[in-house]
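Reader: I have a structure open and want to go through it with you. Can we start at the surface and then look at the backbone?

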Amino acid sequence: YPKESTFDYDSFKLNMPVIDSLSLMVPSHKKDREGNPSQVRVKSVIRNLNGTLWIDHPTNKSGLKDYPYYPFFKSEDDSYVYYNDPDIQNGTYSDSLFYYEVYPFTFDSLNQFTTEGIQFKGKLVSGGILPEIEHPISVQDDYSLGFVNKSPDDGYSIYQGKGLFMNDIKLSNKGLKGSGTLKYLTST
């Protein structure tokens, strides 16, 4: 959803310096009556982007050749996924404190990608719950962007050193969930 854009015919690209959000439709895990996967909207959006959409190779404006890498989108700066929707843990995650920062990326083969192949590199900023976690996000079972990550062997320091968490951490539209061991003072 760009707010401003310009088309460069010679390069056959769309320059988008201000993009409100990027929303994706992906093949569903379920099949329709004909046995084809239906399309499902990913429940998370990537916000505050800018970049370029390369429509096709500049010498292939008529589309006579097949360049499978095209169309592709290249973002220029960091962008963000927020988890502040009221349906996610009653809207507890403030977008100024809790978010996933998506590093600049290139999303190629837009006409033929798979749900499993979608991945964006970046880091989780969790408002002091955990340290910043660099781990790619991908489409989760609930069709939101998130990840499943295992803590280091010595665990994650939580709440700015007040405790220690060890084992699995999951991020999705269900919120930030942990399954494992939590140590705080003399309690486990």
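**Surface and backbone notes**

Author: Phe7, Tyr9 and Ile55 make a nonpolar surface patch of about 310 Å². Patches are made of residues with over 30% relative accessible area and no salt bridge, with like charges joined within 9 Å and nonpolar side chains (Val, Leu, Ile, Met, Phe, Trp, Tyr) within 5 Å. A salt bridge is a side-chain nitrogen of Lys or Arg within 4 Å of a carboxyl oxygen of Asp or Glu. Areas are Shrake-Rupley values with a 1.4 Å probe, and for residues only the protein chains shown count as cover.

Reader: What is the source of the model, and how are residues numbered?

Author: This is a predicted model, in which local features need pLDDT of at least 70 and side-chain atom pairs count only at pLDDT 80 or more, while totals for chains, interfaces and linings use all residues. Residues are numbered from 1 along each chain as its sequence is written, and side-chain values use heavy atoms, with hydrogens and water left out.

Reader: Where does Tyr9 lie?

Author: Tyr9 is in the loop between β1 (2-8) and β2 (13-22). Strands here are DSSP runs (E, at least two residues), as helices are (H or I, at least four), numbered from the N terminus.

Reader: How many helices and strands in total?

Author: The protein has zero helices and 17 strands.

Reader: Backbone next. Which residues does the cis peptide bond join?

Author: Tyr70 and Pro71, with omega about -15°. Pro71 sits in the loop between β5 (46-54) and β6 (72-75). Most residues other than glycine have a negative phi, and most peptide bonds are trans.

Reader: What is in contact with Ser109, leaving aside its neighbours within four places in sequence?

Author: Pro68, Tyr69, Pro71 and Phe72 are (contact means heavy atoms within 4.5 Å). A polar atom of the Ser109 side chain lies 3.2 Å from the backbone oxygen of Pro68.

Reader: Is Ser109 buried or exposed?

Author: Ser109 counts as buried because its relative accessibility is 15%. Buried means under 20% relative accessible area, exposed over 50%, and partly exposed in between (1.4 Å probe, protein chains only).

Reader: Back to phi. What is the value for Tyr159?

Author: Near 45°, positive in a residue other than glycine. Gln160, not a glycine either, has a positive phi of about 55°. Tyr159 lies in the loop between β15 (156-158) and β16 (163-172), and Gln160 is also found between β15 and β16.

Reader: Why does Gln160 count as exposed?

Author: Because its relative accessibility is 68%. Tyr159 is partly exposed, at 46%.

Definitions and conventions:
A polar contact is a pair of N or O atoms within 3.5 Å; within protein, one must be able to donate a hydrogen and the other to accept it, and residues adjacent in sequence count only if both atoms are side-chain atoms.
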